Amino acid sequence: MKFLAYFRSVASRFFHRSQMENDVEEELRSHIQHRADDLTHSGLSRAEAERRASIEFGGYEKFRQESHETLGGNFIETLLQDVRFSLRVLCKSPGFTMVAILTLALGIGANAVVFSVLNALVLRPLNVPQSQNLYMIESGKDKQTLQSYPDYLDLRDRNHLFDGLIAFNFSPAGIDSGRGPSRIWLDEASGNYFDVLGIQPYLGRFFHSSDEHGFNSAPYVVLSYAYWRSHFQGDPGVVGRTIQLNKFPFTVIGVAPPRFRGTELFFMPDLWAPMVDQQQIEGWNGLKQRGEGRSIWIIGRLKPG
C-alpha cells in the first residue's frame, strides 16, 4: 500500500510538473527577495542587497535541480528516456524484437500453466472446509495407500483420532441418460463421504450412511457440476431422473458444488455412487468377494486438537 501511495504521488508530480516547477521558482525568488529586503533595511542599496542575497543563497540553478530531484521528476524522466531508447533499439532490429516477444510470451504462458496446475493439484488439491485436517491412511512397512474394505470398516469403527473416515475408489462405467450410451469415470464412495468432507450440494442432496442397507441398497448417484453442465445442460430438473449405469437403474439425487473436484489428486470424476453398489457398477460379486484385495483409498479427518 505504501508503494502504491508513493507511485501515485510521483505520477501526480510528473503530470503537474510545470505548475510545481513554477511554484518552486516562485518560492526561491521569494526567499531571495526577503533576504534582500532585510539587507536594504540595514542601509544597502537595492541592487547591492539583491546581489548579496543571491550570493548568500547560493547557485540558483543548483537549488532548482535539487528541488526537481526531490519532487521525483528525475525518476520519471529517466524511466521515459529508457523506454524511448529501448523502443528505438527494438525498432531497428525487428527480427530480434519478434524473437524476444515470442520468447517472453512462451515463458510467461508456460509459467502461468505450470502454476495453475501446481495450484490446483498440489497447493489447493481439495476445496473442502479445513482440508488441512484431512490425511490419507497408509499401512504396512511399505506404506501402502490402497486398502481393503474390511480394513476400512475396522479403522472406521475402532479409531479414536479421527472424526470420520471415508473410503473411495475410481472406476469406469457406461452411462445412458436417454441420449445414447457413453463412457464415464466415477468415484465409488462410502456413504459418509460427503458428510465427513463437510460440503453442501449445489442441487438436491448427497447420499449418506443411512442410505446403505447392504449390497446394491442405494442406487443413487451425485453428478459433478461440470458433468451436469456439459451433459444435462444445467437442467435443475435432473434431480429425481433415472439413468442407466452399466444397464442398472440409478436415480440422480444431487449435484456437487462447482469447485469440488473430488478427492483424487489427478482425476476428477463425472459422478459419485455409493460403494455398496460396487457389484452393479463393476460387475463383481459384491464387496465381500473383493474384501481381501487392496482396492480403495481411505481418508480421515482429524479431531480438533
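Figure 1. Asp 211 has a relative accessible area of 15%, so it counts as buried (buried means under 20% relative accessible area, exposed over 50%, and partly exposed in between, with a 1.4 Å probe and protein chains only). This is a predicted model, in which local features need pLDDT of at least 70 and side-chain atom pairs count only at pLDDT 80 or more, while totals for chains, interfaces and linings use all residues. Residues are numbered from 1 along each chain as its sequence is written, and side-chain values use heavy atoms, with hydrogens and water left out. To find Asp 211, look in the loop between β5 (203–204) and β6 (220–223). Helices (H or I, at least four residues) and strands (E, at least two) are DSSP runs, numbered from the N terminus.

**Figure 2. The partners of Asp 211.** Which residues does Asp 211 touch, not counting residues up to four places away in sequence? They are Arg 205, Phe 206, Ser 217, Ala 218 and Tyr 220, where contact means heavy atoms within 4.5 Å. With Arg 205, the side chain of Asp 211 makes a polar contact of 3.1 Å. A polar contact is a pair of N or O atoms within 3.5 Å; within protein, one must be able to donate a hydrogen and the other to accept it, and residues adjacent in sequence count only if both atoms are side-chain atoms. A polar atom of the Asp 211 side chain also lies 2.8 Å from the backbone nitrogen of His 208. Arg 205 and Asp 211 form a salt bridge as well, with their closest N and O atoms 3.1 Å apart (a salt bridge is a side-chain nitrogen of Lys or Arg within 4 Å of a carboxyl oxygen of Asp or Glu). Arg 205 is partly exposed, at a relative accessible area of 31%, whereas Asp 211 is buried.

**Figure 3. Two further salt bridges.** How many salt bridges does a search of the whole structure find? It finds four, and this view shows the one between the side chains of Arg 158 and Asp 154, at 2.5 Å from N to O. Arg 158 and Asp 154 are four residues apart in helix α7 (residues 149–158), so about one helical turn separates them. Arg 158 is exposed, at 61% relative accessibility, while Asp 154 is partly exposed, at 37%. Turn next to Arg 241 and Asp 235, which form a salt bridge with their closest N and O atoms 3.0 Å apart. Arg 241 is partly exposed at 30% relative accessibility, and Asp 235 is partly exposed at 29%.

Figure 4. Pro 129 sits in the loop between α6 (94–123) and β1 (134–136). Is Pro 129 buried or partly exposed? With a relative accessible area of 42%, Pro 129 is partly exposed. Leaving out residues up to four places away in sequence, Pro 129 touches Leu 197, Gly 198, Ile 199 and Arg 301. Pro 129 and Ile 199 are 70 residues apart along the chain, yet 7.2 Å separates their C-alpha atoms.

**Figure 5. Strand β3 and its pairings.** Why is strand β3 (residues 162–176) described as largely enclosed by the rest of the structure? The reason is that 11 of its 15 residues are buried. Strand β10 (residues 296–302) runs antiparallel to β3, joined to it by six bridges, and here Ala 167 stands opposite Ile 298 of β10. Two strands pair if DSSP finds at least two bridges between them. β3 also pairs with strand β7 (residues 242–245) in the antiparallel sense, over two bridges, and Ile 175 has Leu 245 in β7 as its bridge partner.

**Figure 6. The hairpin of β3 and β4.** Nine bridges pair β3 with strand β4 (residues 181–189) in the antiparallel sense. Asn 169 has Glu 188 in β4 as its bridge partner. Four residues lie between β3 and β4 in this hairpin, and Gly 178 in the turn has a positive phi of about 105 degrees.

**Figure 7. The whole chain, for orientation.** The chain contains 11 helices and 10 strands. Of its 305 residues, 32% count as buried. Among the contacts with a separation of 6 or more, 68% come from residues 24 or more positions apart.
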